Amino acid sequence: MNTFGTLFRITTFGESHGPGIGVVVDGCPAGLALTAADIQAALDRRRPGQSDLTTPRKEADQVEMQSGIFEGYTTGTPISLFIRNQDQHSHDYSHIEHAYRPSHADYTYDQKYGRRDYRGGGRSSARETAARVAAGAVAQKLLAQHGIQVSSYVSQVGAVAVPVGYEQLDLGLIESNPVRCPHPETAARMAELIRQTRDRHDTVGGLVTGVVRGVPAGLGEPVFDKLHSELGRAMLSINAVKGFEYGSGFAGVHLFGSEHNDAFYTDEAGQVRTRTNHSGGIQGGISNGQDIYFRVAFKPVATILQPQATINDQGEAISLAGRGRHDPCVLPRAVPIVDAMTSLVLADMLLRARANRA
Ligand SMILES: Cc1cc2nc3c(=O)[nH]c(=O)nc-3n(C[C@H](O)[C@H](O)[C@H](O)COP(=O)(O)O)c2cc1C
């Protein structure tokens, strides 16, 4: 399926080497102030060539708004956003026409479809995520109107990790460095590790931490499409993602119930709050009004500029080395993708919550 969401719905289309990539956003309410600049700002955070830490590939990623907006406001009709491909360099890909790149999607696409666009991976290319980022910017505008703020940042690259939790960070610093890590000392060490990895013609993975503030209690669904299961599905649908955890996550198994329980209290303003937030702002699949936070693990991506043993589509052993321009670490560019997928889930749940009570 190329569609995501229930009431706030997106369908993405396009390949890395076709005319472009696009998205149709269905179900966005009318009357939301929206300009191309809102969407462009998000795309500029994802596009290649932003710093020496990302691929030097140049894609301007200019968004064209083709429908759904009139005089600066959404009209309630499908919003169609298109991003033309510019820097395709098809000749970079001839060496992989018949090869199965290790840990990429070539073999599995051949098994499923029996044919594939080998130039840059077609639909398996993370270029598709540009469409999600464009749609996510629309969702983020809707959330902002309801006081919901979505942010995410790089919290680990390889073994270099931010030593404190998100509550102790100034999330206003995320854009203060090219790594998108709001802990400047750690960001510098991460940048150094990414440069060393690039110079060794290798790749390195890491973690993105997502934080959502201002979520009212009551968003989410009780059984299969719990708020955290939808967030997990959204994150695990991003290229190169290997893991998702929210709240205390896997580390919670080290605590006893007496330590893990989030005690309720009512604050001076009469708001229901919890003293700790191991639940990650979600209980029974529904937001409880506390911050939502989660972590997403990205693998070291597959294309490395050094020879690797693999096979071709005839099953013959070959040696393959990546060519061209690739990210040594996709974490800095993954941040706006995590923001987008988070915003899409929450916008959908916001609209669904309106249908919950008489
Ligand atoms: C922003 C971003 C950029 C990526 N760039 C590359 C790349 O340059 N080379 C590569 O091998 N994989 C890259 N990937 C990952 C592949 O798209 C992904 O590993 C591949 O489609 C196989 O899917 P899987 O890893 O989810 O199983 C990138 C992922 C993201 C999120």
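Me: Before we start, what should I know about the numbering and the model?
Reply: Residues are numbered from 1 along each chain as its sequence is written, and side-chain values use heavy atoms, with hydrogens and water left out. Since the model is predicted, local features need pLDDT of at least 70 and side-chain atom pairs count only at pLDDT 80 or more, while totals for chains, interfaces and linings use all residues.

Me: Let's go to the ligand. Which residues are closest to the ligand?
Reply: A residue is near a molecule if one of its heavy atoms lies within 4 Å of it. Here 14 residues surround the ligand, and the closest are Ser-124, Asn-239, Ala-240, Lys-299 and Thr-303.

Me: What classes of residue make up the shell around the ligand?
Reply: Ala, Val, Leu, Ile, Met, Phe, Trp, Tyr, Cys and Pro count as nonpolar, Asp, Glu, Lys and Arg as charged, and the others, Gly among them, as polar. On that scheme the shell has six nonpolar, five polar and three charged residues.

Me: On to strands. How do I read their pairing, say for S8?
Reply: Strands of a sheet pair through backbone hydrogen bonds, either parallel or antiparallel. Strands (E, at least two residues) are DSSP runs, numbered from the N terminus, and two of them pair if DSSP finds at least two bridges between them. S8 (residues 149-157) pairs with S10 (residues 206-213) in the antiparallel sense over eight bridges, and Ser-151 stands opposite Val-211 in S10. S8 also pairs with S9 (residues 160-161), antiparallel again, over two bridges.

Me: What lies between S8 and S9?
Reply: Two residues, in a hairpin; Gly-158 in the turn has a positive phi of about 55°.

Me: Why is S8 called largely enclosed?
Reply: Buried means under 20% relative accessible area, exposed over 50%, partly exposed in between (1.4 Å probe, protein chains only). Seven of the nine residues of S8 are buried, so the strand is largely enclosed by the rest of the structure.

Me: In what order do the strands of the open sheet run?
Reply: The five strands go S1-S2-S3-S7-S4, with antiparallel pairing. S1 (3-4) and S4 (63-67) stand at the edges with a single partner strand each, so one side of each has no neighbour in the sheet. Four bridges join S4 to S7 (residues 79-84), and Met-65 has Leu-81 as its bridge partner.

Me: Last one: how many disulfides are there?
Reply: A disulfide is a pair of cysteine sulfur atoms within 2.5 Å. The structure holds zero, and the sulfur of Cys-181 is 11 Å from the closest cysteine sulfur, in Cys-329, too far for a bond. Cys-181 is buried, with a relative accessible area of 0%, and Cys-329 is buried at 0%.
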